[in-house]
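Student: I have a model open and want to go through its local features. Can you take my questions one at a time?

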Amino acid sequence: MRNLYKNEQSGRSMVEMLGVLAIIGVLSVGGIAGYSKAMAKYRINQTLDQISMLVMNIRSLYSASVDYTGLTSQVAIQMGIIPRNMLPAGTTEATATAIVNAYQGRVILGVGTTGGAGRSFKVAYTGLTREACVSIASSDWGAQAGSGLVSIGISAAVNNKEATSIPAAEDTFTMSDFPITLAEAAGSCTNTADTGNTIIWEYY
């Protein structure tokens with residue numbers, strides 16, 4: 001009596017394998033895109049939080065002074081009002097000479113001119129991507145009288161990422177212009193290069 005053996009193939013065909021690889025590729029692209037969007041949102045939120053904290057810390061530091069005369073980034077670092085994650089990697093408050101933001105641009109602090117010399121202060125964020133510049137500039141900055149916000153200036157000048165002093169704003173929005181619309185912000189945040197855009201806040 002002859003024994004018959006059935007030859008069964010348990011492997012996958014080439015077409016099936018290509019289908020699986022295609023699905024994996026689509027899911028990977030979707031995952032990367034989702035991660036990129038999440039990181040962009042995180043950086044924007046981090047920047048909004050940093051600005052609010054810096055403004056509060058500067059006001060606390062100068063609460064006993066008649067004005068903000070003498071305010072610089074270096075003074076703020078030495079006085080310990082800069083969050084540790086805003087100091088360059090590998091530096092401390094004793095060794096840092098600059099303040100950096102989530103986009104690796106500089107954060108520059110200085111004295112404003114509104115209301116008289118030293119009566120206001122400025123915070124500049126350089127090296128912002130165009131997307132970040134538009135989103136941050138058009139955020140709700142609490143333009144009501146109690147917020148102390150005087151103006152928001154935007155500069156899209158080339159090579160402002162490594163600026164050591166607050167750049168001149170090419171477009172300035174004051175309280176009567178708030179809130180800044182997305183269209184207005186997009187019209188001012190025009191630098192698409194790696195050097196990025198700069199936003200300058202001025203506060204009483």
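Tutor: The questions below go feature by feature.

Tutor: This is a predicted model, so local features need pLDDT of at least 70 and side-chain atom pairs pLDDT 80 or more, while totals for chains, interfaces and linings use all residues. Residues are numbered from 1 along each chain as its sequence is written, and side-chain values use heavy atoms, with hydrogens and water left out.

Student: How many disulfides does the structure hold, and which cysteines form a disulfide?

Tutor: A disulfide is a covalent bond between the sulfur atoms of two cysteines. The criterion here is a pair of cysteine sulfur atoms within 2.5 Å. The structure holds 1 disulfide. Its sulfur atoms are 2.0 Å apart, and the pair is Cys133 and Cys189.

Student: Which parts of the chain does the pair link, and how many residues apart are they?

Tutor: Helices (H or I, at least four residues) and strands (E, at least two) are DSSP runs, numbered from the N terminus. Cys133 sits in helix α3 (residues 130-137). Cys189 is in the loop between α4 (182-188) and β5 (197-203). These are distant parts of the chain, 56 residues apart.

Student: Is the link of Cys133 and Cys189 left-handed or right-handed?

Tutor: Look at the torsion about the S-S bond. For Cys133 and Cys189 it is -65 degrees. The link is left-handed.

Student: Is Cys133 buried or exposed?

Tutor: Buried means under 20% relative accessible area, exposed over 50%, partly exposed in between (1.4 Å probe, protein chains only). Cys133 has 0% relative accessibility, so Cys133 counts as buried.

Student: Which backbone nitrogen does the side chain of Ser155 reach?

Tutor: Ser155 lies in strand β3 (residues 149-155). Ser155 is buried, with a relative accessible area of 1%. Its side chain reaches, at 3.4 Å, the backbone nitrogen of Ala157.

Student: Is the peptide bond from Phe178 to Pro179 cis or trans?

Tutor: Pro179 is found in the loop between β4 (171-174) and α4. Omega for the bond from Phe178 is near -5 degrees. The peptide bond is cis.

Student: What is the phi of Gln104?

Tutor: Gln104 is in the loop between α2 (73-78) and β1 (107-111). Gln104 is exposed, with a relative accessible area of 53%. Gln104 is not a glycine, yet its phi is positive, about 65 degrees.

Student: Is Met14 buried or exposed?

Tutor: Met14 is found in helix α1 (residues 14-61). Its relative accessible area is 62%, so Met14 is exposed.

Definitions and conventions:
Polar contact = N/O pair within 3.5 Å; in protein donor to acceptor, adjacent residues only side chain to side chain.
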